[in-house]
Amino acid sequence: MSGASGRHEPIPEEPVSGASGRHEGAGAVPLKHERISATLAGETAAGCFTRALGALLGLAIGDALGMPTQLLSRDQIVEAHGPLISGFEPAPPGHPIAAGMTAGQVTDDTEQAVILAEVLIAGGGAIDPRELAARLVTWEADMRARGSLDLLGPSTRRALTELLAGGDVETTGRSGDTNGAAMRITPVGIATVPDTAAIVAAVEAASRVTHNTSIALAGASAVAAAVSSGVAGLGYDAAVEQALAAATSGAERGRWVAGADVASRIRWAIGLVAGLADADACDLVQRLVGTSLATQESVPAAFALWSLHPRDPWLTCRLGASVGGDCDTIAAMAGAMSGALAGPAGFPAEVIARLGAANPGLDLPGLAVGLLALRGAAR
Ligand SMILES: [Mg+2]
């Protein structure tokens, strides 16, 4: 979809954010509780819906953009697509997990987020871990039946295998430290107000069965807090501060596992790419931050790429899909966070239309309404 990149202006910062307005990097604006409360009091249903839909669109569009480039190296992507992928592409023949998929189709990232959203809505805001596990097992069986090789990730598969063998939901996620929790957490961010304790508790409830470790909960809390802040109408700086606070708190939950601190690496990765041209930033993110399934690589990578153009989710998604490695997930996380700030206006209309045409069963507006009803109830 090379024509879709055309002229597309990023969305200007909204004064309602309460933050300073322009991108100043993490830590530039100390967040005050009073300001959060004042902003939440000003939440409007229409504004929240717009931004929640933007988050879900960013998740799905980033995922679909990265579908054909996932698992490739940055060099391979530059050779095939140039330094910045221009739009939806079909999977190349012989792709190890996406072969046969058509341009604009979403992958496990979006499909598992939809499952989590549906379980969350059905439970009135509570996650039944056995129901979530059952839905994920059914989803994978359906994927296999469709001939897909894009199946459960390592942490989720290990946990569900243990659960099916009679394991306890309190222990099945004790070694799950990869990025599956963060990749599907966007619905929790939409359904929860940007309060650190509330975010981390909701993330833990949604992730315990598969990813009950300090690193996975830190990464998922960061993404959820950023999305939640965007939906609330906060600005970029405030959203990043909320994400760092949630990552720090999330790292104190679950079973401790060895690995670098997610909050510290998010802050470092944002600083690393500050002032760089987009292509140079992508190169550096792949080489130094890392783009693997490891939460402490892919989540900071998503934050670093988002920081380059905080209110341009279409460009952010394309950067994510161009970085290589687990880049459908990186683009999905970065797209969700950026989309929550900008709303659907952050994407070209033809891209949204093409996403819908390629995924006819995907009801993102319906999910946004259901999730926001939970957010309203939580207030
Ligand atoms: Mg995927």
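This tour moves through a predicted model, one selection at a time.

**The whole chain**

Begin by displaying the protein chain as a cartoon. The chain holds 18 helices and zero strands. Of its 379 residues, 57% are buried. Consider next the contacts between residues at least 6 apart in sequence: 77% of these join residues at least 24 apart.

**The largest nonpolar core**

Select Ala222, Val223, Ile266, Leu305 and Met333 together. These residues have the most contacts inside the largest nonpolar core, which has 112 residues. Which helix provides the largest share of this core? That helix is α10, with 13 residues. As general background, nonpolar side chains tend to be buried together in soluble globular proteins.

Keep Leu305 selected and display what surrounds this residue. Leaving aside residues up to four places away in sequence, Leu305 touches Ala281, Val285, Thr316, Leu319, Gly320, Val323 and Ala334.

**Helices α10 and α16**

Now select residues 214-232, which form helix α10, and residues 327-342, which form helix α16. Two packed helices are described by the angle between their axes and the distance between the axes. Here the axes come within 7 Å and cross at roughly 20°. Because of this angle, α10 is roughly parallel to α16. The crossing in which α10 passes α16 is left-handed.

Show the side chains where the two helices meet. On the α10 side they are Val223, Ala226, Val227, Gly230 and Val231; on the α16 side they are Met333, Ala336, Met337, Ala340 and Leu341. By class, this contact has nine nonpolar residues, one polar residue and no charged residues.

**Helices α9 and α11**

Select residues 196-207 for helix α9 and residues 236-250 for helix α11. Their axes come within 9 Å and cross at roughly 55°. The angle therefore makes α9 oblique to α11. In this pair, α9 passes α11 in a right-handed crossing.

Which residues of α9 and α11 meet? Thr196, Ile199, Val200 and Val203 in α9 meet Ala245, Ala246, Ser249 and Gly250 in α11. By class, the contact has five nonpolar, three polar and no charged residues.

**Arg267**

Move to helix α12, residues 262-273, and select Arg267 within this helix. Is Arg267 buried or exposed? Arg267 is buried, because 20 other C-beta atoms lie within 10 Å, and a residue with 20 or more such neighbours counts as buried.

Next, select Leu71 in the loop between α2 (45-66) and α3 (74-81). Its phi angle is near 75°, a positive value in a residue other than glycine. Leu71 counts as partly exposed because there are 16 C-beta neighbours inside 10 Å.

Continue into helix α3 and select Val78. Val78 has 18 other C-beta atoms within 10 Å and is therefore partly exposed. Val78 and Gly324 are 246 residues apart along the chain, and their C-alpha atoms are separated by 9.4 Å.

Key: Residues numbered from 1 in each chain as written. Predicted model: local features only at pLDDT ≥ 70, side-chain atom pairs only at ≥ 80, totals over all residues. Axes fitted to C-alpha atoms, helices over the stretch in contact; angles between N-to-C directions. Helix = DSSP H or I, 4+ residues; strand = E, 2+ residues; numbered from the N terminus. Parallel < 35°, antiparallel > 145°, perpendicular 65-115°, else oblique. Left-handed = near helix turned anticlockwise from the far one by under 90°. Contact = placed C-beta atoms within 7 Å. Nonpolar A, V, L, I, M, F, W, Y, C, P; charged D, E, K, R; others polar. Core = buried A, V, L, I, M, F, W, Y, C linked by C-beta atoms within 7 Å. Buried ≥ 20, exposed ≤ 12 C-beta atoms within 10 Å, placed from the backbone.
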